[in-house]
Amino acid sequence: GCCRLLCKPSALAQHLVRSLGPSVVLWGGHWLWPRWPRLQMLRQLLKRPEPEPAVARELLQMPDSGLVALDWLVGPWGAAGGGRGGPSPVLLLIPNAAGQVTGGLLQLGLRALERGFLPVIFNRRGHNGCPLTTPRLQPFGDPGDLREAVTYLRCRHPAAPLLAVSEGSGSGLLLAYLGESGSSSHLAAAACVSPIFRGRDWFETGMPWLYEWPLLLHLKRGLSRYAGSLAEAVDVDGLLGSRSLRELEEALFCRTKSRPTSWEAYWERNEPLRDADEAAVPVLCLCSADDPVRGPPARSLPLELFRSSPYFFLLLTPRGGHCGFPRRGPGHCWGHEAVLEFFRTMAEFLGAEERRKGLPWPR
């Protein structure tokens, strides 16, 4: 469907081209809906899957006594999916930076559940009903809590392949984790749907009000529940009076009462791609040229990274909006099918390498 795959030539890249090239999942269909990216974005934020999936929540305590939540999708049928011929792969779903579990992310989880995966949603501190037990939230590119969650999942399912998918601005967390962890990430493969690669530029440039204001109100509503406990760490009045996501981010993480820092120093520690050269697992980045949230491709896509790293693959489509990628038929999002096909292809390739070299598939 006029998609382009940008990557460094390798045996893995050739296998991916052979698998994805003739796949019908890359055809979004020739119809008018894909030409309106802002309407796609609004639909993706508001529409919920029917029926809504049931979830089973676990709370994990971090070393500083903070809590994150893992929501296991068990489907509308009340039973988790199961694989054949081995342990079911665990699929970790990472929402956007505002913690908003969109209908698109839930739909991806349901599609994965139908195919035998064990999907689980990672909720940051204070997000999506997760209690905030310390006056500390998770910065944009700080993978510390995610690392603890991955370690827990590996201990709970030691024989299962562990995969991860992030959506939108939540990709900053996944990309930072992959770079910091390198070959010790415990992931077999990862995918980013409409990722934000350059966090500082994204906050400074701003986004369409149709996207920014709903996310800003969503964050303020969640933070207002913890105004009392946050008051000892930040200026709550300034926080709740923020008029942009940048102002909110600065109030939360830069203008703190105990350890104030500059905007520049904050991004030195939190840029998603600061350690991208250290990533050591295959990563598919599914992007659209008309993404109104990420911005123009020439400014927002790190093309040199995909040309130089053997682990990063950019699947670029001319239309698809932000996390939209609409199509006719079941699922209504060909991007979900592309991600699941990518994971199937990676399992096939790495399984063949295991048999050829006698090396185990990364657990």
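**Strands, sheet and packing helices**

Me: Which strands form a hairpin in this predicted model?

Reply: Strand 2 and strand 3 form a hairpin, with five residues between them. In the turn, Ser 65 has a positive phi of about 75°.

Me: How many bridges pair strand 2 and strand 3, and in what sense?

Reply: Eight bridges, in the antiparallel sense. One example is Leu 59, whose bridge partner in strand 3 is Ala 69.

Me: And where does Ala 69 stand relative to strand 5?

Reply: Ala 69 stands opposite Asn 123 of strand 5. Strand 3 and strand 5 are antiparallel, with four bridges joining them.

Me: How many residues of strand 3 are buried?

Reply: Nine of its nine residues are buried, so here is the cut-off: buried means under 20% relative accessible area. Both faces are covered. On one side sit Leu 67, Ala 69, Asp 71, Leu 73 and Gly 75. On the other sit Val 68, Leu 70, Trp 72 and Val 74.

Me: Zoom out. What is the strand order in the sheet?

Reply: The order is 1-9-8-7-6-4-5-3-2. That is nine strands in an open sheet, with mixed pairing.

Me: What does the twist average?

Reply: It averages 20° from one strand to the next.

Me: How do strand 4 and strand 5 run, parallel or antiparallel?

Reply: Strand 4 (residues 90-94) and strand 5 (residues 118-123) run parallel, and four bridges join them. Leu 93 stands opposite Ile 121 in strand 5.

Me: Helices now. Which strands does helix 3 touch?

Reply: Helix 3 (residues 103-114) packs on the sheet. It touches strand 3 (67-75), strand 4, strand 5 and strand 6 (162-167). Its direction makes about 55° with that of strand 3.

Me: And helix 4?

Reply: Helix 4 (residues 144-156) packs on the sheet too, touching strand 2, strand 3, strand 4, strand 5 and strand 6. The angle between its direction and that of strand 3 is about 50°.

Terms used: Residues numbered from 1 in each chain as written. Predicted model: local features only at pLDDT ≥ 70, side-chain atom pairs only at ≥ 80, totals over all residues. Heavy atoms only, no water. Pairing = 2+ DSSP bridges. Helix = DSSP H or I, 4+ residues; strand = E, 2+ residues; numbered from the N terminus. Axes fitted to C-alpha atoms, helices over the stretch in contact; angles between N-to-C directions. Contact = heavy atoms within 4.5 Å. Buried < 20%, exposed > 50% of the residue type's maximum accessible area, 1.4 Å probe, protein only.
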